[in-house]
Amino acid sequence: MDADVVISGGGPTGLLLAAELRLGGVRVVVLEQRAEPDPVPRANGLVGQVVTVLYRRGLYRALARHSSGPKALVQRWFTGAYGDRPRPVRAFSHAGFRLDLRRLREANPLHVLAVPQRRMEETFERHALALGAEIRRGHTFTGLVQDGDGVTVEVDGPDGPYRLRAAYLVGCDGSHSAVRKAAGIGFPGETSREVVIRMAHVVLPRTALTPAGALRAADGTVYRPYQLHRTAYGAFSFASFMPGVHVLSTHEWDAEAPGEQAAMSVGEARASLSRVVGADVPVADPPADGRPWILRRLTDRNNRLADPYRAGRVFVAGDAAHVFAGFGGSNLNLGLQDVVNLAWKLALVVRGQAPEGLLDSYAAERVPQARRALDRTREQAELMAPGDEVTARRERYAARLREPGFLREVAEAVAGLDLPYPMGDGHPLLGRMAPDLRLMHDGRRVRLALLQHGARPILLDLTGGTALAATLSPWRDRVDLVHAAPRDPGAPPAMLIRPDGYVAWAGPAPDDPTGLPDALTAWFGPPTTP
């Protein structure tokens, strides 16, 4: 074998997958057709549980250093100060509603990290290379042949075509995935053309902005940045991720748009914003300094899920597995969690420590998450549409948001916490992300996240004793035993934590291993025979 796993696609999902596989001891090759990283601005941040996932890998601080935009604005509207770990946001925009998450206090589950996609790619690439991943830029996947022992990957490189032999292939190559097509994986869904979306980097005049960075329209209406606004004529949002320049996005229903070949212009974006707001808003071009500015028009909104996520020894993840268009799209957030879920399972199977059937749990766990994200996207689109009937529905929705229980339900859905993984009934922590407990470990104060940087499974014993250690003994080659003392009240006596941070077993009582052997076998393979 030339590699254990070949990854097609060197964007954020492919690079993070490479790093995760290397943490699992897997030989990995990444194929990326671009010779250089894509300079075109794309995603501007991460939302939800993925922020805490990256924190548990020790990547949060590096990403936060690159948090984009005038910090005063980002901090005011989003998060407060960035620190060494994620803090819940104080407010967030959902379907044009401003969610006041301060009302949830310690129950607030939503985290945001404003960082441009190219900075994510740089951080993930450095991380993967430092761990020993091989990244081949200028190499394009062209085909595959798989059999019972592996996959032969056909590649077009700078020096001509060649082949790679690997145990598995993962397509992280976007919504038009060549891997998905070559593997015969379907991509069913729907395409809608009822909304025209325009995105552009623009300069808004200072005279139209309040000191806090909000937009003041000619009629006196004030629109907050970093929030989607619904008007009688459409919807729009704007946000500044660099001094003096805003990213403007407009949505117009049943609007006419130039043909696909017509170039998008800042003038077109200005006209669209003026129509949506109902009054002219002066908008200027960004500086002509050679930077690649966003200037994009979308007339097709695609909502699609791959079916299946796996075809033999070939998997798809990220945009190759799902695309959501319009409002509340969460492709990148979902995709990064896809690969963190898949990597440790592939590593165990490649190393021969877990059966092939473990890989089926990837789709079993990730497809429901994708379907829920798709449902949220559709719900937001329905709540943003024009019309009196929608306005009445929004009034009822706004009334429900004043209820703490419903507000928390919405916040958990946005964060991706609304659907625990199916790990059986019993303890309320099962199937959810392990809490970031404060611990005393080896004579020092640490948080649980620090112990998860290595992507190893952990049996966390918070009460001491010998029964848990004895039970774990046949799995010690792949699961770490951590003895610690809790510094937080209400901590469970013990937890079995998967490499992706989810709780696979929780101790029913101190030093009680009931159910632990079954959980260890289910997730980490059969015990090792002495």
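This is a predicted model: local features need pLDDT of at least 70, side-chain atom pairs count only at pLDDT 80 or more; totals for chains, interfaces and linings use all residues.
1. The lining of the second largest pocket consists of ten nonpolar, four polar and eight charged residues.

2. Where the lining comes from. Two helices, α2 (49–55) and α11 (404–415), each give at least two residues to the lining of the second largest pocket. Helix α2 provides the largest share, which is three residues.

3. Strands β4 (residues 91–94) and β5 (residues 97–100) are antiparallel and pair over four bridges. Across the pairing, Ser93 faces Arg98 of β5. Two residues separate the strands of this hairpin, and Ala95, in the turn, has a positive phi of about 55 degrees. Which residues of β4 are buried on each side? Ala91 and Ser93 are buried on one side, and Phe92 and His94 on the other, so that both faces of the strand are covered.

4. Arg105 sits in the loop between β5 and β6 (112–113). Its phi is near 50 degrees, a positive value although the residue is not glycine. Most residues other than glycine have a negative phi, so a reader checking backbone angles may want the setting of this residue as well. Is Arg105 buried or exposed? With a relative accessibility of 66%, Arg105 counts as exposed, because the cut-off for that class is over 50%.

5. Asp442. Asp442 belongs to the loop between β23 and β24 (444–447). Its relative accessibility is 68%, so Asp442 counts as exposed.

6. Sheet around β23. β23 and β27 run antiparallel and are joined by two bridges. Met440 has Ala485 in β27 as its bridge partner.

7. Cis peptide. The bond from Asp307 to Pro308 is cis, with omega near 0 degrees. Most peptide bonds are trans. Pro308 is in the loop between β19 (301–305) and β20 (310–311).

8. Aromatic pairs: Tyr226 and Phe241. Twelve aromatic pairs are found in a search of the whole structure. Tyr226 and Phe241 make an edge-to-face pair, with 5.9 Å from centre to centre and 75 degrees between the planes. The two residues are 15 apart in the chain: Tyr226 is in the loop between β14 (222–223) and β15 (229–230), and Phe241 is in strand β16 (residues 235–242). Tyr226 and Phe241 are both buried.

9. Aromatic pairs: Tyr421 and Tyr502. This pair is tilted, at 4.4 Å centre to centre and 45 degrees between the planes.

10. Aromatic cluster. Tyr168, Tyr309, Phe315 and Tyr362 together form one aromatic cluster.

11. Glu121. This residue is in helix α5 (residues 117–130). Glu121 has a relative accessible area of 6%, which means that it counts as buried, the cut-off being under 20%. What is Glu121 in contact with, leaving aside its neighbours within four places in sequence? The contacts are Gly10, Gly11, Pro12, Leu15, Arg34 and Pro37.

Technical notes:
Residues are numbered from 1 along each chain as its sequence is written. Side-chain values use heavy atoms; hydrogens and water are left out. Buried means under 20% relative accessible area, exposed over 50%, partly exposed in between (1.4 Å probe, protein chains only). Contact means heavy atoms within 4.5 Å. Ala, Val, Leu, Ile, Met, Phe, Trp, Tyr, Cys and Pro count as nonpolar, Asp, Glu, Lys and Arg as charged, and the others, Gly among them, as polar. Two strands pair if DSSP finds at least two bridges between them. Rings of Phe, Tyr and Trp (its six-membered ring) pair if their centres lie within 6.5 Å; planes under 30 degrees apart count as stacked, over 60 as edge-to-face and the rest as tilted.
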